[in-house]
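Hello,

Here is the structure I said I would pass on. Please open it first, then read my notes below.

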Amino acid sequence: MNALHQYQSVNRQTSIVDADGHKLIQLLFDGALERITMAKGQILANNFEGKNRLIGKAVEIVGGLREFLDKEKGGDIAQRLDALYEYMERRLFEANLRNDAAILDEVANLLKQVKNGWDGIRQEALEKGLV
């Protein structure tokens, strides 16, 4: 099992090194979704230490998504995304306090919707140098 974890770590690091700005944000979405899914499993297994750690990581990643926003160039869309990410962070804290897997599902669904939109603009974003 240790070899599998090492392979995954090297694979992730290679993906990050080779990634353009758009791909880095995609990786953030994937990382947040992965941690939320894992945190839900920890809630169901009554492993609250693991849940705390994973939700904390998800909050950090959503915070990272907020930091990528360019509110000057992004205008109204960036402002709305900032508010949505802030809402997600609050809901993740609430899920952590209440051990509420349903809130984790809510945040995951919101992240998936934003990620789908982001995935859909990849070519345009690269062509226009937006990332």
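**The largest pocket**

The 20 lining residues of the largest pocket divide into 15 nonpolar, three polar and two charged. Here Ala, Val, Leu, Ile, Met, Phe, Trp, Tyr, Cys and Pro count as nonpolar, Asp, Glu, Lys and Arg as charged, and the others, Gly among them, as polar.

Before you go on: this is a predicted model, where local features need pLDDT of at least 70, side-chain atom pairs count only at pLDDT 80 or more, and totals for chains, interfaces and linings use all residues. Residues are numbered from 1 along each chain as its sequence is written, and side-chain values use heavy atoms, with hydrogens and water left out.

A pocket is an open set of points on a 1 Å grid over the protein atoms alone, where a 1.4 Å probe fits, with protein on both sides within 12 Å along at least five of seven lines. Lining residues have an atom within 4 Å of a point. The largest pocket holds about 700 Å³ of space. That volume is the space filled by probe spheres set on the points, which are joined across faces, edges and corners.

Look for Gly74, Ile77, Leu81, Trp118 and Ile121, which lie nearest the pocket's centre. At least two lining residues come from each of α2 (21–44), α3 (48–68), α4 (71–98) and α5 (101–120). The most come from α4, with six.

**The fold**

The protein has six helices and zero strands. Helices (H or I, at least four residues) and strands (E, at least two) are DSSP runs, numbered from the N terminus.

Contact means heavy atoms within 4.5 Å. Of the contacts with a separation of 6 or more, 62% join residues 24 or more positions apart.

**Helix α3**

The buried residues of α3 include Leu54, Ile55, Ala58 and Val59. Its buried residues pack against α2, α4 and α5.

Gln26 lies in helix α2. Is Gln26 buried or exposed? Gln26 is buried, because its relative accessible area is 11%. Leaving aside neighbours within four places in sequence, Gln26 is in contact with Lys115, Trp118, Asp119 and Arg122.

Best wishes

Notes
Buried < 20%, exposed > 50% of the residue type's maximum accessible area, 1.4 Å probe, protein only.
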